[in-house]
Amino acid sequence: MVNEDGTAKAPKGPDATSATAAGAGKARTRPRGRPRSFDRETALEKALLAFWEHGYEATSVSDLTRVMDIGAPSLYSAFGDKRSLFEEVVRVYGTRYGSFTERALAEEPTARAAVERALREAATAYTEPGHPHGCLVVHAAANCSNPEVEQSLRDRRNANIAAFESRIRADVAAGVLPPATDAAALARHTGAMIQGMSQQARDGASREELEAVAEIALSIWPRTGTHTG
């Protein structure tokens, strides 16, 4: 049936009720938008690169959701808050990018050989293309106002120095290094060199330039008359 103007008349009575119910049913059964799915490892790597480039303090949650291409609810659901995400990022960084010091200490026969390898690999790792230059654990602490994050990063840096010191003391005890060797100062010198190379890399130093710095750093190492590093 049609109205005088030619438009269809709205149904009345039972037909109107049925039409209304059918429309409501369609509205109820219309599927809602599903949460966006994402690859967690890919998102985590993107967060790692963001923190590595900008540091902890300067990387906001909105920065993270943008580079990770996820919404804030998904970030909180998958990773917790910003600090929890950063802690996971640091663990992944240590395994994927920052393990050269640990490997050098485990695999080289002397402390000097381990330090030489660590410095040379730092020169390569801190300047290679494809990711930000320098060390995330060093750079992320800059201007950090979160005391827990700052302490966590400090503990990691100090743990590396303690590992060098332990290895140097072992070489002193074995006669590889002279008895008068100041193990604590030599280990801290090594830590200062690695941390300084990180900043130099961010400032544009090349691998070759950092390798030259490493060579000078090694020249101060003491030697005995019967052992070499």
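Biologist: Which residues line the second largest cavity?

Modeller: Keep in mind that this is a predicted model, where local features need pLDDT of at least 70, side-chain atom pairs count only at pLDDT 80 or more, and totals for chains, interfaces and linings use all residues. Residues are numbered from 1 along each chain as its sequence is written, and side-chain values use heavy atoms, with hydrogens and water left out. A cavity is a set of points on a 1 Å grid over the protein atoms alone where a 1.4 Å probe fits but cannot get out, and lining residues have an atom within 4 Å of a point. Here the lining is Trp 52, Tyr 93, Tyr 97, Phe 100, Ala 125, Tyr 126, Glu 128, His 131 and Gly 134.

Biologist: What is the volume of that second largest cavity?

Modeller: The whole structure has two cavities of 30 Å³ or more. A volume is the space filled by probe spheres set on the grid points, which are joined across faces, edges and corners. For the second largest cavity, that gives about 30 Å³.

Biologist: What does Phe 86 touch, leaving out residues up to four places away in sequence?

Modeller: Phe 86 is among the residues that touch the most other members in the largest nonpolar core, which has 56 residues. Such a core is a set of buried (under 20% relative accessible area, 1.4 Å probe, protein chains only) Ala, Val, Leu, Ile, Met, Phe, Trp, Tyr and Cys residues joined through side-chain atoms within 4.5 Å. Counting contacts as heavy atoms within 4.5 Å, Phe 86 touches Phe 51, Tyr 56, Leu 136, Ala 140, Val 149 and Leu 153.

Key. Buried < 20%, exposed > 50% of the residue type's maximum accessible area, 1.4 Å probe, protein only. 1 Å grid on protein atoms, 1.4 Å probe; cavity = no way out; pocket = protein on both sides within 12 Å on 5 of 7 lines; lining within 4 Å.
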